[in-house]
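Trainee: I am new to this structure and would like to learn how to read its features one at a time. Could you show me the chain and then take me through it?

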Amino acid sequence: MPHMRSIWNGVISFGLVRIPIKLVNATESHAVPFREIHTEDGGRIRHRKFCELEDREVTAQEISRGYEEADGTIIPITDEDLAHLPIPTARTIEIVTFVPEDSIDPLQLGAAYYLAAGRAPAARPYTLLREALKRGNRVAIAKFALRGRERLGMLRVVGEAIALHGLLWPDEVRAPEGIAPDADVTLHDKELNLADALMDALGEVGLEDLRDEYREAVEEVVAAKISGEALPEVPEPERGVEVLDLTTALERSVRAVRGEPEEAEVERLPQRRTSRSSPKGAGGRKSTSAAEKKPASSARKTTSKTSQAEKKTTAKSTAGGTAGKAPSKKTPAKKAASRKRSA
């Protein structure tokens, strides 16, 4: 693996089987790097390390680690001291158990690494462990030491490789007490069905189609600064549509994801809010279907009244025509406009 540099060498302990491996990073950051500069003149800001006793800058070779006691006393801890840790995981990924993958809480997952076979003799036991994990549909839980502390890890199969995920210790995960709302919330079947429909619609988006648009925008700004061009214009934020209730928000969300036009029912939803604010609605909750039927019936009544008014107007105009006046004719466009105003 010439393009991946190993950060740790050791062995996997699988019972009495020992598999030499190399640990390499499985992820990489594509964030745009920035440097700290002096705002006034653009000078580079560097963080230098000074010894408090000698008040001078020291090099990396002169720096080691120490443990600070409660009274402020520093106890030096050297690499040789850590080499004598009374644990078997100093250079070993010790598998302690095998569990179903879905039994691991994602809250525990940390950094991810690939485990590469260290030497040619490691190929056979490496393949054995990989196939055993596949066959049992399980993951291995292991202990290992990295960067000065013992860690918990999970080994799982990724393609034809074995990956190691760092895990938080169980006591490092906080309980979600006081996080969920205290209010007693009642959900309707229609809301849950619409939520299912929205999840199905959004489920058609593949992870491979997602990209870091913020990073791309930062790169665009940097490129404009380098070339001396005008900075890209900030797009106008989308005007938010007034959300009348949870059901309406879900309906509109599903239609937006599917690319469907707004339906007439959604346009009549403002009338539903008026009916809910009336004294009759204060006595109890009404279902969404009942709220939708009321505006529709009132609309039909308005339409029938409008048509009756038009008939009377036409009759009067005809009668007026016998008196020597030309009857007024409405074009289809005017009739439509009349209907809209009356509605």
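Mentor: Let us begin with a term: helices (H or I, at least four residues) and strands (E, at least two) are DSSP runs, numbered from the N terminus. By that rule, the protein chain has nine helices and 11 strands. This is a predicted model, in which local features need pLDDT of at least 70 and side-chain atom pairs count only at pLDDT 80 or more, while totals for chains, interfaces and linings use all residues. Residues are numbered from 1 along each chain as its sequence is written, and side-chain values use heavy atoms, with hydrogens and water left out.

Trainee: What share of the 343 residues do buried residues make up?

Mentor: A residue is called buried under 20% relative accessible area, exposed over 50%, and partly exposed in between (1.4 Å probe, protein chains only). Buried residues make up 21% of the 343 residues in the protein chain.

Trainee: What follows just after helix 2?

Mentor: Just after helix 2 comes Asn137, which takes a positive phi of about 50°. Strand 9 (residues 138-146) is where Val139 has its place.

Trainee: Is Val139 buried or exposed, and which residues does Val139 touch?

Mentor: Val139 counts as buried because its relative accessibility is 1%. A contact means heavy atoms within 4.5 Å, and, leaving aside residues up to four places away in sequence, Val139 touches several residues, among them Phe98, Ile104, Leu133 and Met154. Phe98 is 41 residues from Val139 along the chain, yet their C-alpha atoms are separated by 5.6 Å.

Trainee: Where does Leu187 lie?

Mentor: Leu187 lies in the loop between strand 11 (161-167) and helix 3 (189-202), and Leu187 counts as partly exposed because its relative accessible area is 48%.
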